Amino acid sequence: MNRKKERLIKYLFTTLAFASLAFLIGIVLVLFKEALPIFAKVGPKAFLLGESWYPTAEPPEFGILPLILASLWVTAGALVICVPLGVGSALYLHELAGPRQRAVLKPVIEILASVPSIVYGFFGMVILAPWLQDTFELPIGLCVLTTSIILGVMATPTVASIAEDALSYVPRSFREASFAVGADRWQTLTKVIIPAAGSGISTAIILGMSRAIGETMTVLMVAGGSAVIPSSIFDPVRPMTAAIAAEMGEAPVGSEHYNALFAIALILFLITFVFNIAAELISRRFRLKLGLSR
Amino acid sequence: MNTHESAIASVPPVRQPARGRKKRGLTQKIGFAALAACMAANIFFLGAIIFFIGLKGLGAINWAFLTQAPRDAMTAGGVAPAIVGTLYLTLGAIMFALPLGVASAVYLTEYSPKGWIVNLLRVSVNNLAGVPSVVFGLFGLTVFVKYMGFGVSIISGSLTLGILALPVIISASQEALVAVPQSIREASLALGATQWETIRKVVLPAALPGILTGVILSVGRVAGETAPILFTAAAFYVKGYPDSPFSEVMALPYHIYALMTEGTHPEEQTRIAYGSSLILLALVLSVSMIAIFIRQRQRKTYHA
């Protein structure tokens with residue numbers, strides 16, 4: 001009787017544990033099912049490389065290259081900010097901060113990470129964009145530059161906390177060996193610890209990138225919304241996430257536009273999926289390299 | 001082993017002329033100053049956000065703002081229905097994600113700690129955590145709103161947000177469960193308890209603070225999310241308070257977005273958006289501070 005109950009409970013937990021996998025598969029299926037009609041209609045090449053996105057024009061045009069390029073531009077811009085700041089903060093926490101400083105600074109980074117994206121978007125829209133526009137006399141405040149800055153700030157805590165984890169896995173013996181041969185702290189940091197934690201730091205950067213490219217509300221509010229191929233960092237753009245969020249409400253269910261928005265989501269999903277798998281593989285190798293089992 | 005050798009080999013030789021050493025000292029000073037500046041930037045960003053939102057937000061907030069519904073085409077009154085809506089959505093999401101998340105974590109750590117199934121599930125949890133929030137929104141729209149016929153409603157929004165919270169709860173619970181010493185489990189089993197009894201009466205209680213931290217963190221995350229509820233739950237204006245799980249709701253994050261992008265009175269609406277942002281920020285940040293506080297206390301007791 002008891003053993004039967006035990007087995008039943010185990011089955012129950014097993015089933016529930018598969019929920020994450022089921023949701024992931026469900027997401028893929030939904031995206032494919034709703035996206036396929038537009039690929040069949042327009043053709044994958046014309047969809048991905050088409051240079052004009054006029055989904056409501058007559059006849060409509062479904063080329064998402066401007067949206068993809070917009071996402072890449074703002075993500076690249078975000079990296080310029082979040083990689084030095086994130087890795088630098090991680091190194092500071094690891095190398096220079098004493099226990100009392102860490103007790104304050106680590107929560108600061110975590111709290112920065114928990115600020116909702118809508119608040120970042122609002123801040124970008126009402127504070128940062130007008131300020132940039134006035135200071136640098138930009139034609140328009142809502143542009144690639146503003147978006148990149150906000151996204152960079154948002155991704156910094158992600159990069160910092162994962163990179164700091166990676167640094168903490170580097171064994172003490174590395175540092176001691178380096179000091180023993182006469183290196184100072186800076187040399188030990190740049191020539192021993194950073195290379196040893198290198199793949200862990202790249203994981204952090206990839207996940208930061210994934211966060212930036214998938215971010216929706218901020219880019220929706222700050223990027224400016226114009227679906228043309230950007231030619232400078234002062235151009236307003238419409239990244240993929242913003243297109244989905246802004247247009248889904250007005251696209252009739254089952255229409256070509258509706259399917260096209262799902263197709264954008266599918267591509268976005270695949271990009272972040274590749275990033276996440278890459279991060280996973282790199283961090284696994286990193287752990288093996290340092291002889292960690294986890 | 002290889003890494004040790006190459007790491008050591010890359011350090012420059014010991015003996016250096018005195019001038020070289022001086023230069024080294026300078027490089028180190030500049031380098032460390034740069035790192036400190038990076039860290040300071042984080043504090044600056046957090047400070048700037050809190051300062052600007054707080055400064056203008058406080059001016060908009062008073063008792064009426066917290067307790068009344070919007071009036072006069074969103075230019076006056078308060079945001080009480082949006083606060084209530086956010087509470088409902090968050091509560092619903094946690095009610096869905098908590099049992100599922102804890103059960104998944106229990107399976108992964110207690111029942112099946114090794115093998116390809118665990119690897120597969122671990123990879124799916126990590127990937128689910130990386131899915132862009134707007135994609136969750138589309139999934140919720142297709143499955144909950146349309147296919148299951150829940151419509152744009154609290155329940156559709158809660159389920160969508162729940163899926164988003166699931167990986168956070170699983171990871172935190174797993175970490176908490178792994179931290180429970182193996183000897184406690186063995187002691188319980190040695191006393192004749194079955195595996196389920198051990199989990200229920202020994203392991204889960206010991207892991208409770210850690211699981212709680214995860215839940216609180218996911219509350220903060222869920223309460224602030226906007227993209228997943230855009231098409232599944234949120235409305236700019238709903239008359240009165242929601243009376244069933246199947247009604248549309250106002251929600252704080254969506255309210256901020258709508259105030260800034262819709263309507264015809266940008267000035268008054270921006271003022272209300274400042275107030276709403278401050279409320280949301282205060283809500284989310286205090287929730288994460290509670291989680292951090294619990295975790296730090298927990299760590300102290302482990303050390304003692």
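Figure 1. The crossing of the pair is left-handed. So who touches whom here? On the H2(A) side, look for A:Ile27, A:Leu31, A:Phe32, A:Glu34, A:Ala35, A:Pro37, A:Ile38, A:Phe39 and A:Lys41. Across from them, H13(A) brings A:Glu256, A:Asn259, A:Ala260, A:Phe262, A:Ala263, A:Ala265, A:Leu266 and A:Phe269. Sort this contact by class and you get 13 nonpolar, 1 polar and 3 charged residues.

**Figure 2. Chain A meets chain B.** How many residues does the contact take from each chain? It takes 77 from chain A and 77 from chain B. On the side of chain A that touches chain B, 49 residues are nonpolar, 19 are polar and 9 are charged. As for scores, the model gets an ipTM of 0.92 and a pTM of 0.90.

**Figure 3. Helix H1 of chain A against helix H4 of chain B.** Here we zoom in on one helix from each chain. The axes of helix H1 (residues 2-17) of chain A and helix H4 (residues 80-111) of chain B come within 8 Å, with a crossing angle of roughly 115°. That angle makes H1(A) roughly perpendicular to H4(B). The crossing of H1(A) and H4(B) is left-handed. From H1(A), the residues taking part are A:Lys10, A:Phe13, A:Thr14, A:Leu16 and A:Ala17. They meet B:Leu100, B:Ala103, B:Ser104, B:Val106, B:Tyr107, B:Leu108 and B:Tyr111 in H4(B). By class, that contact has 9 nonpolar, 2 polar and 1 charged residues.

**Figure 4. Helix H4 of chain B also packs with helix H9 of chain B.** This time both partners belong to chain B: the axes of H4(B) and helix H9 (residues 195-224) of chain B come within 10 Å and cross at roughly 140°. At that angle, H4(B) is oblique to H9(B). The crossing of H4(B) and H9(B) is right-handed. H4(B) contributes B:Thr86, B:Thr90, B:Ala93, B:Ile94, B:Ala97, B:Leu98, B:Val102, B:Val106 and B:Glu110 to the contact. H9(B) answers with B:Ile199, B:Val203, B:Ile211, B:Val215, B:Ser218, B:Val219, B:Val222 and B:Ala223. The residues of this contact split into 13 nonpolar, 3 polar and 1 charged. Spot B:Val106: it is listed in the contact with H9(B), and B:Val106 also turns up in the contact with H1(A).

Figure 5. Most residues other than glycine have a negative phi, and most peptide bonds are trans. Now find the bond between A:Glu58 and A:Pro59, which is a cis peptide bond with omega at about 0°. A:Pro59 sits in the loop between strand E1 (53-54) and strand E2 (61-62) of chain A. Next up is A:Glu137, which is not a glycine but has a positive phi of about 50°. Where does A:Glu137 sit? Its place is in the loop between helix H6 (117-136) and helix H7 (144-168) of chain A.

**Figure 6. The two domains of chain B.** Chain B is divided into domain 1, covering 17-60, and domain 2, covering 63-303. Their C-alpha centres lie 33 Å apart. Where the two domains of chain B touch, the contact takes 6 residues from domain 1 and 8 residues from domain 2. The side of domain 1 that touches domain 2 has 3 nonpolar residues, 2 polar ones and 1 charged one.

**Figure 7. How confident is the prediction along each chain?** Let's start with chain A, which averages a pLDDT of 91, with 98% of its residues scoring at least 70. In chain B the mean is 87, and 90% of the residues reach 70 or more. Which part of chain B has the lowest confidence, and which the highest? The lowest is helix H1 (residues 2-9) of chain B, with a mean of 47, and the highest is helix H6 (residues 133-147) of chain B, at 95. Throughout residues 1-9 of chain B the pLDDT is below 50, and this stretch has 9 contacts in the model beyond near neighbours in sequence.

Note on methods
Residues are numbered from 1 along each chain as its sequence is written. Chains are lettered from A and ligands numbered from 1 in the order in which they are written. This is a predicted model: local features need pLDDT of at least 70, side-chain atom pairs count only at pLDDT 80 or more; totals for chains, interfaces and linings use all residues. Two residues are in contact if their C-beta atoms, placed from the backbone, lie within 7 Å. Ala, Val, Leu, Ile, Met, Phe, Trp, Tyr, Cys and Pro count as nonpolar, Asp, Glu, Lys and Arg as charged, and the others, Gly among them, as polar. pLDDT is the predictor's confidence in each residue, from 0 to 100. Helices (H or I, at least four residues) and strands (E, at least two) are DSSP runs, numbered from the N terminus. Domain bounds come from an automatic or database domain assignment. Axes are lines fitted to C-alpha atoms, for helices over the stretch in contact, and angles run from 0 to 180 degrees between N-to-C directions. Angles under 35 degrees count as roughly parallel, over 145 as roughly antiparallel, 65 to 115 as roughly perpendicular and the rest as oblique. A crossing is left-handed if the near helix is turned anticlockwise from the far one by less than a right angle, and right-handed if clockwise.
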